[in-house]
Amino acid sequence: MHKFKDVDKEKEAQRIAKIKNFTIDFCILFGACCVSAFSTVGVMIPNGLTSGGITGVARILQNFVEVDFSILYYGLSAIVLIMVVIFIGWKELKKILLLSILYPAVLFLFEQMEFQLLETKDILLAAVFCGVFSGIYIGLIFWRGYASAGTDAIAKIICLKICPHAGLSKVLLMLDAVVIISSAFVYGRNIALYALITQMILTKTSEMVMYGFASKTVQLSILTSKPEQMSEFIMNEMDRGLTSLEVRGEYTHETKRQLMFICSPRESAIARKKLSEIDPNAFVSVTKVETVWGYGKGFSNIDEK
């Protein structure tokens with residue numbers, strides 16, 4: 001009887017922990033959406049700028065149709081959501097659904113406020129601040145293990161269905177480059193070059209938000225009481241290979257399985273979020289990796305010149 005009560009208490013504790021984690025996630029994501037919406041509505045659009053990703057596509061379309069930016073963004077997000085369901089499946093949809101609804105809604109609210117950051121039009125200053133604010137947004141949502149219905153989802157579809165041997169980061173870079181180059185034909189070459197500046201600052205800022213000045217590749221060593229469940233998540237959900245070995249704690253004299261794998265800082269945040277759900281008492285060490293040679297997604301080939 002006591003055993004069943006303990007199980008019920010454990011389930012209730014897990015349910016409360018999930019609600020608490022989701023509440024924290026939602027508050028952080030809402031704040032991140034506000035920062036990004038302010039960047040787009042209060043800095044980018046008033047100064048006639050654009051950027052890569054879905055935001056850049058919406059800016060290009062806005063030049064041809066008289067529709068609010070938030071409505072265009074909603075439509076593009078919906079198209080990406082449909083593509084994800086068709087080509088990847090419902091599991092991937094769960095990761096991007098929240099932000100696909102929340103961010104355009106926040107964009108719409110900021111459009112109604114009609115305020116600007118800069119007192120006078122300054123394209124260079126606007127490009128810098130757009131990169132900083134958008135980088136904060138990207139860094140925060142990746143840190144919490146979420147994603148949006150943007151070019152990163154399209155890049156994942158391309159990697160899975162068209163170019164399975166191409167690295168996700170390379171495909172994403174190519175897509176952003178296509179959007180920025182396309183914007184040159186609509187807004188001019190100078191605006192496209194400013195968009196490139198914004199994109200570079202965005203990338204560096206997001207990395208700093210997630211891991212300070214850490215490298216782009218990290219190695220995770222995980223000691224958990226649920227290694228099978230975590231291994232399945234890493235291999236099937238994150239699509240990463242991993243190594244496991246038996247280790248012995250000299251203080252407790254207990255033997256456990258240690259999981260080790262290499263991934264990007266964004267993926268390490270996803271692994272951390274999963275661990276917090278299944279085993280809050282897990283022990284994880286994160287080591288920055290300067291470079292990785294070998295066959296694998298996102299890594300350099302060992303014979304690459």
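Which residues do ring pairs link into a cluster? I put this first in the notebook. The cluster holds Phe38, Phe110, Phe115, Phe129 and Phe133, linked by ring pairs. The model I am reading is predicted.

**Entry: aromatic pairs**

I searched the whole structure for aromatic pairs and got eight. I then looked up the geometry of the Phe38 and Phe133 rings. Their centres are 5.7 Å apart and their planes stand at 65°, so I logged the pair as edge-to-face. The cut-off for that label is over 60 degrees. I checked where the two partners sit. Phe38 is in helix H1, residues 2-44, and Phe133 is in helix H5, residues 123-143. They are 95 residues apart, and the pair links distant parts of the chain. Buried or exposed, I asked of Phe38 and Phe133? Phe38 is buried, and Phe133 is buried too.

Next I took Tyr73 and Tyr103. The ring centres lie 5.1 Å apart with the planes at 80°, so this pair is edge-to-face. Tyr73 belongs to helix H3 (residues 69-87) and Tyr103 to helix H4 (residues 90-113). The separation is 30 residues, and this pair also links distant parts of the chain. I found both Tyr73 and Tyr103 buried.

**Entry: Ser36, beside Tyr103**

I followed Tyr103 to a polar partner. Its side chain and that of Ser36 are joined by a polar contact of 2.8 Å. I placed Ser36 in helix H1. Its relative accessibility is 4%, so Ser36 counts as buried. I listed what Ser36 touches, leaving out residues up to four places away in sequence. The list is Tyr103 and Tyr137.

**Entry: helix H5 and its ends**

I checked the length of H5. It has 21 residues and reaches 30 Å from its first C-alpha to its last. That is close to the 30 Å expected at 1.5 Å a residue. At the start of H5, I found a side-chain oxygen of Asp122 within 3.4 Å of the backbone nitrogen of Leu124. I then went to the other end. What sits over the ring of Trp143? I found the charged end of Arg144 there, 4.9 Å from the ring centre. Just after H5, Gly145 has a positive phi of about 80°.

**Entry: Val80 in H3**

I went back to helix H3 for Val80. Which residues is Val80 in contact with, leaving aside neighbours within four places in sequence? I noted Ile54, Ala149, Gly150, Ala153 and Ile154. I also took one C-alpha distance. Val80 and Ser100 are 9.3 Å apart in space and 20 residues apart in sequence.

**Entry: His253**

I looked at the backbone of His253. Its phi is near 60°, a positive value in a residue other than glycine. I located His253 in the loop between strand E2 (243-248) and strand E3 (255-263). The relative accessibility is 49%, so His253 counts as partly exposed. The cut-off for exposed is over 50%.

I repeated the length check on helix H10, residues 265-278. At 1.5 Å a residue, its 14 residues should span 20 Å, and the end C-alpha atoms are 20 Å apart, which agrees. I listed the buried residues of H10. They are Pro265, Glu267, Ser268, Ala269, Ile270, Ala271, Lys273, Leu275 and Ile278.

I moved on to Asn281. It lies in the loop between H10 and strand E4 (283-289). Buried or exposed, I asked of Asn281? With a relative accessible area of 74%, Asn281 is exposed. I took the C-alpha distance from Asn281 to Thr224 and got 7.4 Å. These two are 57 residues apart along the chain.

**Entry: the whole chain**

I ended with totals. I counted ten helices and four strands. Along the sequence, the pattern reads α-α-α-α-α-α-α-α-β-α-β-β-α-β. The chain has 305 residues, and buried residues make up 40% of them. The accessible surface comes to about 17,500 Å², and 63% of it belongs to carbon and sulfur atoms.

How values were computed. Residues numbered from 1 in each chain as written. Predicted model: local features only at pLDDT ≥ 70, side-chain atom pairs only at ≥ 80, totals over all residues. Heavy atoms only, no water. Phe/Tyr/Trp six-rings, centres within 6.5 Å; stacked < 30°, edge-to-face > 60°. Helix = DSSP H or I, 4+ residues; strand = E, 2+ residues; numbered from the N terminus. Buried < 20%, exposed > 50% of the residue type's maximum accessible area, 1.4 Å probe, protein only. Lys NZ or Arg CZ within 6 Å of the ring centre and 35° of its normal. Expected span 1.5 Å × (residues − 1). Polar contact = N/O pair within 3.5 Å; in protein donor to acceptor, adjacent residues only side chain to side chain. Areas by Shrake-Rupley, 256 points an atom, 1.4 Å probe, with all protein chains shown as cover. Contact = heavy atoms within 4.5 Å.
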